[in-house]
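Please read these notes with the structure open beside them. They take the points one at a time.

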Amino acid sequence: MANPNGVGASVRRLEDPRFLTGRGNYTDDFKRPNMTHLVHVRSPYPHALVKGIDASAALAAPGVVAVLTGADMEADKVGSLPCGWQIHSKDGSPMKEPGHFPLARGRVRYVGDAVAVVIAETKDQARDAAELVVVDYEELPAVTASTRAVTAEAPQVHDEAPGNLCYDWHLGDKAAVDAAFAQAAHVATIDLVNNRLVPNAMEPRAALGEYDPSNGEYTLTTTSQNPHVIRLLMGAFVLGIPEHKLRVVAPDVGGGFGSKIFHYGEEAVVTWAAKKIGRPVKWTADRSESFLTDAHGRDHVSHAEMAMDQDGHFLALRVSTLANLGAYLSTFAPSIPTYLYATLLAGQYKTPAIYAEVKAVFTNTAPVDAYRGAGRPEACYLIERLVDIAAGVAGLDRAEIRRRNFVPASAMPYQTPVALQYDSGDFAKNLDIALPLVDYDGFAARKAASKAKGKLRGIGFSTYIEACGIAPSNVAGALGARAGLYECAEVRFHPTGSVTVFTGSHSHGQGHETTFAQLVAERFGVPIENVEIVHGDTSKIPFGMGTYGSRSLAVGGSALVKAMDKVERKAKKIAAHMLEAAETDIEVKDGRFTVAGTDKSLGIGDIALQAYVPHNFPLDELEPGLDEQAFYDPKNFTYPNGCHVCEVEIDPETGVTQVVAFSAVDDFGNVINPLIVEGQVHGGIVQGIGQALLENCVYDDESGQLLTGSFMDYCMPRADDVPSFTVRYHEDQPCTHNPLGVKGCGEAGTIGASAATMNAVVDALSAFGVTHLDMPATPEKVWRAIQNATPALAAE
Amino acid sequence: MPCTVTMTVNGKTVSREVEERTLLVTFLRDHLSLTGTHVGCDTSQCGACVVHVDGRSVKSCTTLAVQANGASVTTIEGLAAADGTLHPMQAAFREHHGLQCGFCTPGMVMSAVDLVRNNPTPTEHDIRDGLEGNICRCTGYHNIVKAVQAGAEAMNSPSAKAAAE
């Protein structure tokens with residue numbers, strides 16, 4: 001490695017000092033002169049007509065500036081929050097896409113649906129006055145469970161979506177699957193629920209709207225993973241503000257995990273209200289509000305079957321899934337249980353025929369959209385649980401059945417039967433590294449030792465694959481995305497040789513300010529402290545599609561490489577001119593531009609200075625300046641993959657499950673900063689273990705109330721719930737189609753971990769005849785499973 | 001009824017007129033513009049708001065400003081040395097990548113400092129147990145545990161002890 005802060009170095013993060021000293025700038029930290037505070041009046045009912053709103057008492061309360069409602073927005077012609085992805089049903093009809101207004105218009109559809117806002121001088125005054133807004137509701141029957149939403153007698157969430165159906169979609173070759181099942185020697189089946197989750201980034205959502213009447217410009221500062229997307233959606237579709245008059249800033253953002261991708265109504269409300277009252281307006285969610293209104297994740301109910309031959313080779317997979325989309329379509333909601341889910345059902349296996357059907361339904365719950373992994377954890381969990389059941393049916397070891405069915409590395413690139421083409425991966429190698437790492441051969445002895453102290457021990461695998469770096473724009477468009485999904489970067493050398501990079505990716509914990517700077521330091525040999533990465537401001541960055549789907553490095557980093565290529569080409573021209581040589585004779589290495597075969601050379605710093613203070617550039621061929629912009633559109637998704645192994649110990653007396661070991665072997669392609677990559681894996685694993693053992697978002701289907709609406713009720717993983725981890729990766733299978741050879745590491749931990757953990761739990765309980773438990777495996781659920789075991793097995 | 005609270009914050013005496021119901025975290029963030037202390041929940045569960053009041057870690061979202069009247073308060077902004085040198089615990093969090101989005105970090109660091117002051121040589125179990133009241137959604141705690149172990153060692157070094165006195 002030439003540069004100590006270049007590619008492959010565990011550079012300590014450049015952004016850390018400000019976070020460690022309390023100098024981060026999160027949205028709620030911003031104050032503006034004359035700023036007001038906004039609090040929402042939200043529906044306490046899951047489904048009701050709004051017959052009237054009496055704001056007189058609130059308006060008379062101390063400090064109140066305004067009370068605004070959906071009618072005010074309607075009068076100002078504020079539009080519906082748009083959905084960014086359109087799915088078509090089996091019969092070719094487009095999905096049902098009901099209106100989704102920032103403030104409800106006559107009807108509310110989930111607990112937390114916004115009805116009105118109170119704006120006051122202080123937040124406490126706004127809160128107090130919000131209590132005084134009298135809303136006349138007429139309650140309507142409600143439904144929160146997807147399984148009941150599809151029944152004939154279920155209440156209808158939207159008049160325009162009969163049977164609460166948004167779409168009834170499918171993928172794959174049904175006839176081929178049916179034929180394979182007719183030939184099968186073994187069939188494994190499973191019914192499972194992928195439990196609903198609340199993303200719970202530690203920074204609650206917040207938004208600050210400003211309007212400058214002197215020039216007609218609006219500024220929205222918001223907790224977003226993709227400010228340009230918010231500007232496009234809100235400007236063009238909701239508020240009708242031209243983009244040159246709308247600046248969206250996403251400053252330091254305290255975690256996203258998908259929940260801050262989407263355009264939320266609150267962003268439109270504060271921006272609109274700022275002009276209406278002529279003052280800046282800030283809204284910051286309480287955690288309770290986050291629970292009610294952040295887009296939730298998962299919530300699938302599925303049935304799956306795997307057909308096998310006599311030797312346990314997979315012949316066909318058949319999957320039927322019911323997906324809960326909540327009360328309205330969030331920005332990317334329709335794509336999650338379809339193109340980010342069913343397309344991953346091949347997993348790491350060469351199953352020749354796959355058919356998946358997905359019904360997506362509306363319910364009286366918060367909208368459901370992408371949460372870390374977004375569709376891929378649901379696919380991985382389903383396949384990996386089913387493969388464990390298949391191992392039992394076929395009488396094979398769980399590692400062996402996986403190995404037997406892996407797509408071999410020699411088959412890459414591999415076209416799956418569900419639309420994707422994997423470019424690279426050596427799945428057997430991941431398993432080969434993992435088995436000795438976890439001492440698989442020693443498991444029986446550890447299990448016996450646990451048994452000797454009255455504990456049950458289990459081990460579980462998850463050999464996962466995901467599709468990241470979303471996405472090739474042409475493919476995304478063909479699949480229903482209403483925008484291309486490229487990325488943009490600009491590299492600006494300054495006259496004295498320092499560099500500013502403008503990226504359309506956004507960091508909300510991932511460490512772009514370090515990783516992206518490493519790429520520049522490596523390429524041009526500049527000290528890393530002379531490189532600044534600017535992200536999250538539409539007034540500075542040409543454009544951007546933002547950060548989600550583990551796309552920052554694979555797509556945004558590749559755009560940066562492309563921009564650096566352009567910088568280098570320009571610098572080469574300048575060097576040739578200055579050194580009076582032919583451009584073809586200039587050799588470039590580590591930021592030095594040398595005339596081949598001579599000692600005549602220039603550093604990038606000299607070239608940058610000349611670029612800005614030229615006296616004799618041949619202006620027809622060479623313009624001053626060293627500032628280049630590039631857009632990169634990937635050719636394919638990237639396919640991170642790996643093998644996760646979890647080992648648990650269960651106390652049969654209490655049902656408490658303890659994760660005693662967790663190991664991850666991952667293939668992320670090339671790794672730029674190992675320290676950051678490992679950190680992403682650790683965090684992802686805990687979100688996966690959290691889903692498996694602790695977290696569950698529960699609505700009471702009778703009352704429609706969210707029962708898990710705080711950290712008192714929703715069990716977040718804490719330091720004492722998890723162990724330390726063993727994390728390994730290899731770089732033998734770089735991505736074949738992006739210039740960095742990177743695949744993405746942001747979601748892998750979450751995708752692999754829940755399946756590995758549940759496979760371990762079920763393995764531990766297998767002595768009691770347990771073949772499946774739905775997540776989360778709480779102590780109560782585990783204890784009941786043991787109590788309900790067949791007496792003969794339990795006595796063993 | 002407004003009331004006056006006076007306290008020492010990061011070594012400086014401050015006095016403000018506030019409503020009685022003003023929380024300490026609101027006092028710090030809104031009245032003193034010390035926005036390093038964060039609010040991550042409304043049930044005193046997440047620990048993003050932890051500060052030191054008379055040397056003990058306290059969740060400032062569940063403390064009234066008037067309760068800290070006359071007290072000495074240290075926030076994350078006051079932890080580093082006057083010359084900007086990071087406190088050993090801050091430095092250890094950076095070295096071991098114990099933070100990602102940074103939102104829980106101020107509370108996590110303040111809790112960790114108090115934990116080590118009470119237990120200079122914590123085991124992994126002690127650390128996990130001691131930080132149970134601070135939720136982090138990003139790191140999976142793995143690197144936080146490593147950082148606190150390293151931070152504890154650094155805080156126990158003779159030079160760090162001298163600096164703390």
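1. Salt bridges between the chains. In this predicted model, 6 salt bridges run between chain B and chain A. One of them is formed by the side chains of Arg29(B) and Asp28(A), with a distance of 2.8 Å from N to O. Side chains of opposite charge can pair when their charged atoms come close. Over all chains, the count of salt bridges is 58.

2. A second pair to look up. Asp124(A) and Arg21(B) also meet through their side chains in a salt bridge, at 3.8 Å from N to O. The cut-off for a salt bridge is 4 Å, so this pair is counted. Where do the two residues lie? Asp124(A) is in helix α4 of chain A, while Arg21(B) is in the loop between β2 and α1 of chain B, so the pair joins two chains.

3. Polar contacts and the elements of chain B. Between chain B and chain A there are 33 residue pairs in polar contact, with both residues at pLDDT 80 or more. Five helices of chain B each supply at least two residues of the side that touches chain A: α1 (24-31), α2 (88-95), α3 (105-118), α4 (124-130) and α5 (142-156). The largest share of that side comes from α2(B), with 4 residues. By class, the side of chain B that touches chain A has 16 nonpolar, 17 polar and 13 charged residues.

4. Extent of the interface. How many residues of each chain are in contact with the other? The contact involves 46 residues of chain B and 55 residues of chain A. About 4,400 Å² of area is buried between the two chains, and carbon and sulfur atoms give 53% of this. In chain B, the residues that lose the most area to chain A are Arg94(B), His97(B) and Arg137(B), which together make up 20% of what that side buries.

5. The largest pocket. Its volume is about 1,100 Å³. The pocket is lined by 45 residues, and those closest to its centre are Lys123(A), Asp124(A), Arg127(A), Thr26(B) and Asp30(B). Asp124(A) was named above for its salt bridge with Arg21(B). Elements of both chains give two or more residues to the lining: α4 (123-130) and β12 (281-284) of chain A, and β2 (12-19) and α1 of chain B. The largest share, 6 residues, comes from α4(A). Divided by class, the lining has 16 nonpolar, 12 polar and 17 charged residues.

6. The second largest pocket. This pocket has a volume of about 590 Å³. Among its 21 lining residues, His87(B), Arg117(B), Ala160(B), Ala163(B) and Ala164(B) lie nearest the centre. Which elements give two or more residues to its lining? They are α3, α5 and α6 (158-164) of chain B. The most comes from α6(B), with 5 residues. The lining consists of 12 nonpolar, 6 polar and 3 charged residues.

7. Cavities. The structure has 9 cavities of 30 Å³ or more. The second largest cavity holds about 210 Å³ of space. It is lined by 18 residues, and nearest its centre are Leu81(A), His100(A), Tyr110(A), Tyr264(A) and Gly265(A). Its lining divides into 9 nonpolar, 6 polar and 3 charged residues.

8. Backbone points to check. Most residues other than glycine have a negative phi, and most peptide bonds are trans. The peptide bond from Met412(A) to Pro413(A) is cis, with omega near -5°. Pro413(A) is placed in the loop between α11 (398-405) and β16 (414-415) of chain A. A cis peptide bond also runs from Met775(A) to Pro776(A), again with omega near -5°. Pro776(A) sits in the loop between α19 (748-765) and α20 (779-787) of chain A. Lys77(A) has a positive phi, near 60°, and is not a glycine. This residue belongs to the loop between α3 (70-75) and β4 (107-108) of chain A.

Terms used:
Residues numbered from 1 in each chain as written. Chains lettered and ligands numbered in written order. Predicted model: local features only at pLDDT ≥ 70, side-chain atom pairs only at ≥ 80, totals over all residues. Heavy atoms only, no water. Contact = heavy atoms within 4.5 Å. Buried area = accessible area lost by both parts, 1.4 Å probe. Polar contact = N/O pair within 3.5 Å; in protein donor to acceptor, adjacent residues only side chain to side chain. Nonpolar A, V, L, I, M, F, W, Y, C, P; charged D, E, K, R; others polar. 1 Å grid on protein atoms, 1.4 Å probe; cavity = no way out; pocket = protein on both sides within 12 Å on 5 of 7 lines; lining within 4 Å. Points joined across faces, edges and corners; volume = space filled by probe spheres on them.
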